[in-house]
Amino acid sequence: MQILYFTPITAVLLFAAVISTVNSCLPSELAALQAFKSSLREPYVGLFNSWTGTDCCHNWFGVSCDQNSRRVSDINLRAGTLYTTFEKAHRPGYMTGYISPEICKLTQISSITITDWKGISGEIPACISSLSSLRIIDLAGNRFSGNIPTDIGKLLHLNRLSLADNLFTGGIPSSLISITSLTHLDIRNNRISGIIPTGFGTLQNLNQALLSGNQFHGPIPGSISQINRLSDLDLSQNQLNGSIPDSLGLMSSLGTLKLDTNKLSGMIPKSLLSSGISDLNLSHNMLEGNIPDFGVRSYFTSLDFSYNNLMGAIPKSIASPSYIGYMDLSHNHLCGPIPNAIDYFDATSFEYNECLCGKPLNVCKTKG
């Protein structure tokens with residue numbers, strides 16, 4: 001048997017090599033992060049200056065690893081947080097470039113947050129759908145374009161998908177309604193079109209659905225009312241048509257409903273005014289008929305029915321809500337006296353109607 005002898009210097013070098021290996025990323029993940037860095041340009045803040053050496057789990061800004069496996073678990077690059085983190089905080093954060101497909105080699109990553117850089121463009125790499133551990137994708141506030149990945153429904157553990165304030169086009173992939181773990185969906189202010197999937201109600205854990213500022217058309221799916229946990233629904237500034245489903249007013253958790261600036265028609269469902277909805281905006285549509293009676297237990301921080309084709313008198317039951325913080329009934333065809341319960345609002349809340357009268361408008365003329 002051959003006996004190996006180590007000099008003190010050899011032993012030190014061997015120990016250093018072992019420590020270096022322990023404190024290094026996997027070569028594939030280190031290469032993936034370097035490729036990710038190379039595809040982006042950030043000349044002002046210098047956040048990538050910390051991305052040096054082979055230990056990406058230690059002091060690489062925005063990179064976190066699992067403590068046990070030392071695999072990359074999070075990339076968190078929020079432009080807003082950098083203003084107070086770096087010396088050049090007075091200079092605006094502005095990053096350009098694109099997301100390299102090499103990011104898909106970070107196979108254990110659970111969170112990708114790259115927000116508010118204004119200048120990052122290109123498409124979301126299609127391979128992102130293979131990252132089965134992903135729970136958060138937040139790319140809001142950039143210039144990403146193209147379609148939402150077709151196979152995004154494979155991310156069965158995804159909780160948060162935020163793509164707001166970008167340039168995405170195409171429709172909502174049919175696979176998205178398979179992500180039953182989703183609690184937060186924010187795709188506001190893009191160029192997404194098509195219809196809202198009829199099976200949208202399968203997203204049973206959804207708490208927020210923010211789809212405003214796009215080009216959706218067609219009806220509001222009635223299945224949305226099956227999402228018992230939904231508290232915030234914003235479908236405003238689209239091209240939705242048809243009537244408002246009565247069932248929306250029967251949702252137990254819904255507190256905010258914004259359907260303004262669409263092409264909705266028909267009458268206002270009575271259920272909406274007897275529900276738990278406190279922020280209700282139906283303005284800039286083609287709604288008609290009378291304003292229905294209000295429920296006794298209703299409470300409104302904001303109520304906006306302006307710019308529709310509503311007619312008739314303001315119902316006396318408008319005195320029933322315990323609170324109305326803001327109200328706008330202007331630009332309709334309403335007629336008759338303004339109830340005393342709401343005469344404290346500014347005249348602009350009642351302007352441009354057929355023949356509304358009383359405080360704060362002109363005094364009603366007495367017959368005779």
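Author: The buried residues of helix H2 are covered by, among others, strand S1 (40–41), strand S2 (63–65), strand S3 (72–78) and strand S5 (111–115). Contact here means heavy atoms within 4.5 Å, while helices (H or I, at least four residues) and strands (E, at least two) are DSSP runs, numbered from the N terminus. This is a predicted model, in which local features need pLDDT of at least 70 and side-chain atom pairs count only at pLDDT 80 or more, whereas totals for chains, interfaces and linings use all residues. Residues are numbered from 1 along each chain as its sequence is written, and side-chain values use heavy atoms, with hydrogens and water left out.

The helix itself comes next. H2 has twelve residues (residues 27–38), which at 1.5 Å a residue should span 16 Å, and its end C-alpha atoms are 16 Å apart, in agreement with that value; the expected span of a helix is 1.5 Å times one less than its number of residues. Within H2, the buried residues are Glu29, Leu30, Ala32, Leu33 and Phe36. Because they cover an arc of only 160° around the axis, they lie on the same side of H2, the arc being that of the directions from the helix axis to the C-beta atoms. Pro27 and Ser38, on the other side of H2, are exposed. Buried means under 20% relative accessible area and exposed over 50%, with partly exposed in between (1.4 Å probe, protein chains only).

UniProt, in an unreviewed entry, places the feature "domain: Leucine-rich repeat-containing N-terminal plant-type" at residues 27–66; its positions are given in the numbering used here, feature names are shortened, and annotations may be inferred rather than shown by experiment. In the model, residues 27–66 are 30% helix and 12% strand, and the end C-alpha atoms of this span lie 16 Å apart.
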